[in-house]
Amino acid sequence: MRVVRWSLIVVLVLVVTATIGGVWTVRTSFPQYGGELRIAGLSAPVTVYHDAHAIPQVYASNATDLFIAQGYLHAQERFWEMDFRRHLTSGRLSEMFGSTEVETDAYLRTMGWRRVAEQEWNLISPQSREYLRDYADGVNAYLRTHRATSISLEYSVLKLSAPGYRIAPWDPIDSLAWLKALAWDLLGNMDDEIERASLLAAGLSRTQVEQLYPAYPYDQHSPIVTAPKAAKTTAAHTSAGAMPAAAAPALADVDRAMRSMPDLVDNAFPGIGSNSWVISGTHTATGKPILANDPHLEPSMPGIWYQMGLHCACQFNVEGFTFSGVPGVIIGHNSRIAWGFTNLDPDVSDLYLERVRGDQYEVDGRWRDLAIRKETIKVAGGKPVTLTIRTTGNGPLLSDASAELRAIGTKPDVDPSGSSAPTAAAPAADAGSAGYAVALRWTALDPGRTMDALFALDAAGNWDEFRAAAAQFEVPAQNIVYADTNGNIGYQSPGRIPVRGKGDGRWPAPGWDSAYDWTGYLPFDELPSELNPPEGFFATANQAVIDPANYPHFLTDDWSYGYRSQRIKDMISSTIASGAKVSVADVQRMQFDNRNGLAPALVPALLVVPQRGAAVKAQDLLRGWDFQEPADGDPDSATGRDSAAAAYFNVVWRQLLSKTFDELPADRKPDGSDRWWLVVTNLLSQPDSPWWDNRSTPAVETRDDILGQAMAAATAELTKKLGDDPADWRWGAIHTLYVQNQSFGTSGIGPIEWLFNYGPVGVSGGSNLVNATGWDPSAGYEVNAVPSMRMIVDLSNLDASRWVQLTGESGHAFSDHYHDQFDLWRTGKTLPMRWNEATIKSSSVDTLTLKP
């Protein structure tokens, strides 16, 4: 997102950073870590121990006091982040930042995240509603005793752009709404669905498009669950057929709107996913399970997670990673079980092409009235904007979200692939009076009980209680790995998975044919699940959950292709095969593994293609390379040779994608995800494939021609950037991470960005590696996805567990804890995840007492 560039703000920043008054402005918002505070609503004192990284461990007498304290602590450290998020999820960013955010607000209002959260309030349990109120009471206790400018530096900046802005009290529904943003971040295959249709509309044949989306390689990369899952058989799925050419503009506009969404909820980048694994005590040095998790998300400043322990004389005795604005712990452990999440990534959304005429849409040959509502967007410094939101039976019309998106073509229907479309033929054009719109059907737009699941998960004590909690975890659909202190390990995939009447969700469906409607959701008991597998471990990294030959239900065909998951499995299996036992330190090394899984297939092909001049020395870097991708300063980069080879290989990869897939439209260039690894690997065995030919030359290029050109171009690029000696090239010199503040960090104003952002800093890893610091070859080498945190839980001794997050606990620029974990994270190190109260007390540096 781009915040408006106010010149007055620059003046303010210079004053703030250059004067004693400015120092006071910055420091007055810092949290209180020690001493005493009076908090309205508490029934008894609450003790909070902060360690050297300001991670709080909260001890309360009851659940009410516990969640009041959590709300207060989140607010004093992260309230700007919380306020920004609630405006985002409710489509009210324009109230803070003015007219530049009207289109984003319109898009979010059209989806109706806040409306769905309001409906969920009456679905969740009375107990969950009470906990949410308690949390809100804690947040509001903080707000009542602090002026805006003493809450966070951002409010001092905002004061000049939106002088009438007033902080509203925290509403419990604000917490529910944030779960919608999380679900959007982990949406699944909607971008793939749009891309397939867009490529078809751009002139590629159906065969060409399918070549760019190869089948999952089950014989090479094993799924999460290998045991067959008994369930009743569902009907076979069929493709939605050809897409009417007249619908292409509407899909393109929806795609542009998706890509313009704020970074906080932008899921359109390669590498989105996560790693988790759990190893049985039969294979660990401790004799009990070890569980690891590192979710991959867009980098942000502050990081998305807030570490915390919540302890009381009640059912809650839990610690882990929390979201500011949401009560409870999202990922972590209690005294008996531990759990971790990765994205299941099933197909939980469908785009429906809708035949629209005026305020009506067509279904089965009849015209129905669109549901219509109007909303008003308040705009800081401007006039309110009235928004008309139209909805079909399949969902809201995303293509109505702006004036640009409403410019939908009405040309006669054409099948760009040249194939027939018996299942999705469009109705005859109605004398030019009808056009196409695009509706979104998405599980997160149906009210659910995920908040109930979070509280139940925090209190669960065994496999059955864990599964009962998971049964309520409806959105986003996840892989959950499980371990308990009794030695059990397990896997469960909860979430709403739609059952389609027709279609497989890979292509936009025809809304005018009700046969493509969803008919329900898969029952929880029929979702993949397993306890204590014979292999003695589970590894999940967004790969296929189960071989469809062993499972009768359709989940998706758009999995991550299993390079990360197979590497994790291979590391665990190799250790076991050697006769060694896996330790916590071993798992920490595995989490920071930088091996490139494409290199073993591509490097041999590169080494046999002759090069000339300086390119020969560059090519020699690949000889003997161990395929690791470290940056300088990492434990395994003492000589720098691996880093030089990694730099060269990745630049070759970027050049190779550009030169090979020149047929693709400019906005659909390869993003480097592991789908492209498999596409190129398949093409290596087809040296004369038409994909290798460069359309801009009269010659007909083959595989070796393009490989040679890519290496020569990579040598020239790196020479220009890093010097003419390949031995001096470093991956970390180009693969950099710039962590940006979610709001003002993208203002485009240097002093503002200096205040709120951090970096750039060279980092190890890369897309589709276990250390998944993703980057997009179509844009450059800068990091756009990261392991947002790393956690290792030792079920034999919870006090020996480890954790770290991307930045730090604080949301306050210039705080000592704004990015004090970053260097640990960058180099693969972690902090103690203390559990025993005696250890927590002895290692604390501040003790805060909250009193009634």
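**Notes on a first look at this model**

1. Strand 14 covers residues 385-392 and is joined to strand 13 by seven bridges, with the two running antiparallel. Strands here are DSSP E runs of at least two residues, helices are H or I runs of at least four, and both are numbered from the N terminus. A quick word on ground rules: this is a predicted model, where local features need pLDDT of at least 70, side-chain atom pairs count only at pLDDT 80 or more, and totals for chains, interfaces and linings use all residues. Residues are numbered from 1 along each chain as its sequence is written, and side-chain values use heavy atoms, with hydrogens and water left out.

2. That pair belongs to an open sheet of three strands, ordered 13-14-15 with antiparallel pairing; two strands pair if DSSP finds at least two bridges between them. Strand 13 (371-377) and strand 15 (395-396) are the edges with a single partner strand each, so one side of each has no neighbour in the sheet. Helix 5 (residues 102-111) packs on this sheet and touches strand 13, strand 14 and strand 15, and its direction makes about 145° with that of strand 13. Touching, or contact, means heavy atoms within 4.5 Å. For angles, axes are lines fitted to C-alpha atoms (for helices, over the stretch in contact), and values run from 0 to 180 degrees between N-to-C directions.

3. Stepping back to the whole chain, there are 25 helices and 31 strands. Of the 852 residues, 64% are buried, where buried means under 20% relative accessible area, exposed over 50% and partly exposed in between (1.4 Å probe, protein chains only). Take the contacts between residues at least 6 apart in sequence: 75% of them join residues at least 24 apart.

4. There is also an open sheet of eleven strands, with mixed pairing and the order 1-31-2-3-6-7-8-9-17-18-22. Its edges are strand 1 (35-38) and strand 22 (529-531); each has a single partner strand, so one side of each lacks a neighbour in the sheet. On average, and ignoring direction, neighbouring strands of this sheet are turned by 15° against each other. Inside it, strand 9 (residues 337-343) and strand 17 (residues 478-484) run antiparallel and are joined by seven bridges. Thr342 has Asn479 in strand 17 as its bridge partner.

5. Which helices go with that sheet? Helix 13 (residues 450-459) packs on it, touching strand 7 (317-322), strand 8 (331-334) and strand 9, with its direction at about 145° to that of strand 9. Helix 14 (residues 463-470) lies across strand 9, strand 17, strand 18 (489-492) and strand 22, and runs at about 15° to strand 18.

6. Have a look at strand 16 (residues 435-442), where eight of its eight residues are buried. In a regular strand, side chains alternate between the two faces of the sheet. Here both faces are covered: Gly435, Ala437, Ala439 and Arg441 are buried on one side, and Tyr436, Val438, Leu440 and Trp442 on the other. Strand 10 (residues 349-357) runs antiparallel to strand 16, joined by eight bridges, and Leu351 stands opposite Leu440.

7. Now two helix pairs. Helix 3 (residues 63-89) and helix 8 (residues 153-161) pack at about 45° with their axes 9 Å apart, and are therefore oblique to each other. The scale is: under 35 degrees roughly parallel, over 145 roughly antiparallel, 65 to 115 roughly perpendicular, and the rest oblique. Phe79, Trp80 and Asp83 in helix 3 meet Glu154, Tyr155 and Leu158 in helix 8. That contact has four nonpolar, no polar and two charged residues. (Ala, Val, Leu, Ile, Met, Phe, Trp, Tyr, Cys and Pro count as nonpolar, Asp, Glu, Lys and Arg as charged, and the others, Gly among them, as polar.) Helix 8 is mostly covered, with seven of its nine residues buried.

8. In the other pair, the axes of helix 17 (residues 599-607) and helix 19 (residues 641-660) come within 12 Å and cross at roughly 80°, which makes helix 17 roughly perpendicular to helix 19. Ala599, Leu602, Val603 and Leu606 in helix 17 meet Phe649, Val652, Trp653 and Leu656 in helix 19. By class, this contact has eight nonpolar, no polar and no charged residues.
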